[in-house]
Amino acid sequence: MALLIHMLACAFGLGSWVAVNGLWVELPLIVNALPEGWELPSYLTVIIQLANLGPLLVTLMHKLCPGRLKEHVVIYSILTIGALSCILLAFFWDKTTVVAGASHSTAFFIITFFLSLVDCTSSVTFLPFMMQLPAKYITTYFIGEGLSGFIPGVVALAQGVGMAKCVNSSQSVGNHTGESSWSLHTEYLPPNFSSSVFFFILAAMMCVSMAAFVALNRLPQTYELSSEKLVPHTVASISYGLDNPASESDGGGVKHQGEGAVQNSPLLAGPKHSMYQLAFIYVLVVWVNAATNGLLPSVQSYSCMPYGNLAYHLSAALASVANPVACTIAMFFQIRSLVFLGVLTVLGTGFGSYNMAMAAMSPCPLLQGSVVGETIIVLSWLFFTGTLSYVKVMVGVILRDRSHSALVWCGAAAQMGSLVGSITMFPLVNVFRLFESGDVCNTECPL
């Protein structure tokens with residue numbers, strides 16, 4: 001029975017962030033098909049932030065009407081919405097409508113909002129449900145939550161990316177002269193399987209999560225719970241679960257926190273930090289979340305696409321895999337030194353600065369057209385995501401050991417950073433047009 005519950009808890013956690021993570025790793029394929037083009041990631045960052053309305057409403061219901069909100073009903077609802085949204089996305093992701101005289105991906109944006117609503121709300125509903133199980137199963141749940149980022153990344157790598165080729169086409173200049181003009185245009189070869197198939201895979205993962213939830217609800221309640229151990233664990237998990245609504249790294253972070261909470265009850269007493277140290281910690285939280293959830297994701301297409309579809313594909317997929325890997329590393333190698341975390345943040349910011357600089361130089365970044373340039377941009381995105389994910393986890397561990405209120409403020413600071421980062425980049429990309437897209441075949445760059 002114990003093994004079965006572990007498997008069900010892991011499968012249940014799989015549905016937490018799988019939809020949003022899947023969207024990000026699929027962007028390298030769909031940016032070439034949708035009218036927003038390279039601007040598409042900036043729209044997604046804002047939509048995901050708007051979807052935080054879901055956890056806000058759930059939290060207000062718990063505060064204003066305690067005991068009235070049935071969490072199992074909410075979970076059934078969001079898992080159903082998530083599965084249906086993935087199915088709808090498979091059919092309608094490339095459908096466009098004309099708004100204000102321009103073609104827009106209206107269906108894609110609306111469905112993406114509901115998917116984001118599902119994943120954001122899961123942070124404040126899945127964990128309270130897991131309180132019904134002994135603490136050892138909550139760790140397994142967070143393993144499943146980490147897999148919600150890992151599996152879409154692996155599937156995206158298996159999917160591959162449509163290689164671009166330059167095709168020479170002719171067009172008649174006059175009716176009687178017989179003259180024609182020649183021009184190059186880019187054609188993208190299809191990947192191993194289509195985006196629609198990828199979205200059906202995401203829907204299947206959501207269905208697996210729902211089936212696991214149904215099974216967990218029907219298990220006989222033959223075990224005893226330890227409220228003394230579970231309450232601080234779950235409070236810490238829920239508070240920190242609000243940390244990063246755009247990625248799965250916090251799930252891994254909470255996984256480690258949960259284990260610590262069960263073993264040591266650190267929320268009851270923790271190390272003291274000076275006001276300057278606390279201010280530094282919260283600055284780290286705001287900056288790291290602003291960078292990873294808003295600033296850099298908004299321009300990933302501009303920094304990677306000039307190097308080709310393969311570079312963008314690998315950057316997105318490997319970055320998605322790097323999040324849970326970094327959190328797993330943080331489980332076994334804890335370095336809480338603020339100096340070390342500051343240095344790591346500077347290092348991650350350096351990688352992010354290179355990514356931003358290449359986006360600003362688009363469509364002619366450094367080392368374009370060379371294997372070295374492609375390798376550097378992929379590794380830069382990989383290390384940017386990995387280093388700052390580790391910082392987010394360790395900062396959460398430090399604040400967990402301090403107090404419950406410290407975790408609450410950590411979540412607030414993370415949300416503020418994510419929101420500011422997204423709102424800052426949206427007008428820069430879509431209104432002021434500071435970043436320029438290009439065509440692989442028609443863009444002439446100086447040597």
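A nonpolar core is a set of buried Ala, Val, Leu, Ile, Met, Phe, Trp, Tyr and Cys residues joined through side-chain atoms within 4.5 Å. Buried here means under 20% relative accessible area, exposed means over 50%, and partly exposed covers the values in between, with a 1.4 Å probe and protein chains only. This report describes a predicted model, in which local features need pLDDT of at least 70 and side-chain atom pairs count only at pLDDT 80 or more, while totals for chains, interfaces and linings use all residues. Residues are numbered from 1 along each chain as its sequence is written, and side-chain values use heavy atoms, with hydrogens and water left out.

## Overall architecture

The protein chain has 17 helices and 4 strands. Helices (H or I, at least four residues) and strands (E, at least two) are DSSP runs, numbered from the N terminus. Of the 447 residues of the chain, 53% count as buried. The chain exposes about 19,100 Å², and carbon and sulfur atoms supply 69% of this area; accessible areas come from the Shrake-Rupley method with a 1.4 Å probe, and for residues only the protein chains shown count as cover.

A contact means heavy atoms within 4.5 Å. Among contacts between residues at least 6 apart in sequence, 85% join residues at least 24 apart.

In soluble globular proteins, nonpolar side chains tend to be buried together. In this model, the largest nonpolar core has 106 residues, and those with the most contacts inside it are Phe12, Leu40 and Phe108. Helix α16 gives the most to this core, with 13 residues.

Which residues does phenylalanine 12 touch, not counting residues up to four places away in sequence? Among them are Ile75, Leu79, Phe126, Phe129, Met130, Phe213 and Leu216. Phe12 also belongs to one aromatic cluster, together with Tyr76, Phe126, Phe129, Tyr141, Phe142 and Phe213.

## Aromatic pairs

A pair of aromatic rings is described by the distance of the centres and the angle of the planes. Rings of Phe, Tyr and Trp (its six-membered ring) pair if their centres lie within 6.5 Å; planes under 30 degrees apart count as stacked, over 60 as edge-to-face and the rest as tilted. A search of the whole structure finds 18 aromatic pairs. Two of them are listed below.

| Pair | Distance of centres | Angle of planes | Type |
|---|---|---|---|
| Phenylalanine 129 and phenylalanine 213 | 4.8 Å | 65 degrees | edge-to-face |
| Phenylalanine 198 and phenylalanine 199 | 6.0 Å | 75 degrees | edge-to-face |

Glutamine 132 lies in the loop between α7 and α8 (135-159). Glutamine 132 is partly exposed, with a relative accessible area of 36%. Glutamine 132 and leucine 216 are 84 residues apart in sequence and 9.7 Å apart in space, C-alpha to C-alpha.

## Helix α12

The expected span of a helix is 1.5 Å times one less than its number of residues. Helix α12 (residues 275-295) has 21 residues and should therefore span 30 Å; its end C-alpha atoms are 28 Å apart, which agrees. The buried residues of α12 include Leu278, Ile281, Leu284, Val285 and Val288. What covers the buried residues of this helix includes α3 (40-50), α15, α16 and α17.

## Loops and backbone details

Where is proline 363 placed? Proline 363 is in the loop between α15 (338-360) and α16 (371-402), and a cis peptide bond joins serine 362 to proline 363, with omega about 10 degrees. Leucine 367 lies in the loop between α15 and α16 too. Leucine 367 has a positive phi of about 55 degrees although it is not a glycine, and at 43% relative accessibility it counts as partly exposed.

Arginine 433, found in the segment after α17 (404-430), also is not a glycine and has a positive phi of about 55 degrees. With a relative accessible area of 49%, arginine 433 is partly exposed.
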